[in-house]
Amino acid sequence: MDNLHTREIEINYIKKSGFRNLLSNPNGKNMITRGGVTGCKNGIVIWGLQNKERLLILDENSENVFSLAINPDGSKLFCGVNFPSTGMSVWDLETGKIIKRLPGHSNHAVQALAISPDGETIISGAKDGNVKALNIETGKLMFSLKKERHSKGVESIAISPDGKT
């Protein structure tokens, strides 16, 4: 790896590692990978940007994780999962513990996640073609877009920086 602190990561390392997801934490202190790491093939790993070493391995079978998102202050990781039930696992990145589970899409893996800039809403998309917005604190459904608006499953979601789109 070259310089994780400036987020200049050697492309060959990433190719060799086979990461399925790679996220830079907005707190600037760490990055998160899913899968492909020697000794932690199916794990979610929190890497320190200062020392370039593993800080934490989350006990989530990444074979069942389809998407990842980090809240704006970098304190929580959201994993879109498929087993043992569909939904989202919410991890505290300081303690490495699951602090909550949020509902997902009936019988479909959560393939896409995005968190609003204010950190209050999570948007999820799944193979069922539906998009759902949940209040992160309560888990309450705020709105959903049904499959009629999408011809296939939802694989990616983005929210504008101002949170309006």
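**Reading strands, sheets and contacts**

Me: How many bridges join strand S2 (residues 30–34) to S3?

Reply: Five bridges join them, and the two strands run antiparallel. In general, strands of a sheet pair through backbone hydrogen bonds, either parallel or antiparallel. Two strands count as paired if DSSP finds at least two bridges between them. The strands themselves are DSSP runs (E, at least two residues; helices are H or I, at least four), numbered from the N terminus. As an example of residues facing each other, Met31 stands opposite Trp47 in S3.

Me: What should I keep in mind about the model and its numbering?

Reply: It's a predicted model, where local features need pLDDT of at least 70 and side-chain atom pairs count only at pLDDT 80 or more, while totals for chains, interfaces and linings use all residues. Residues are numbered from 1 along each chain as its sequence is written, and side-chain values use heavy atoms, with hydrogens and water left out.

Me: Which order do the strands of the open sheet take?

Reply: The four strands go S1-S2-S3-S4, with antiparallel pairing. Strand S1 (21–24) and strand S4 (54–58) stand at the edges with a single partner strand each, so one side of each has no neighbour in the sheet. From one strand to the next, the twist averages 20°. That angle is taken between axes, which are lines fitted to C-alpha atoms (for helices, over the stretch in contact), and it runs from 0 to 180 degrees between N-to-C directions.

Me: Is Ile44 buried or exposed?

Reply: Buried means under 20% relative accessible area, exposed means over 50%, and partly exposed lies in between (1.4 Å probe, protein chains only). Ile44, in strand S3 (residues 44–48), counts as buried because its relative accessibility is 0%. Its C-alpha atom is 5.7 Å from that of Ile57, 13 residues apart along the chain.

Me: What does the hairpin of S5 and S6 look like?

Reply: S5 and strand S6 (residues 76–81) pair in the antiparallel sense over five bridges, and Leu68 has Cys79 in S6 as its bridge partner. Five residues lie between the strands, and Gly74 takes a positive phi near 75°. Strand S5 (residues 65–70) is mostly covered, with five of its six residues buried.

Me: Which residues is Glu120 in contact with, leaving aside its neighbours within four places in sequence?

Reply: Contact means heavy atoms within 4.5 Å. Glu120 touches Leu134, Asn135 and Ile136 in that sense. Glu120 sits in the loop between strand S9 (110–115) and strand S10 (121–126), and is partly exposed, with a relative accessible area of 49%.
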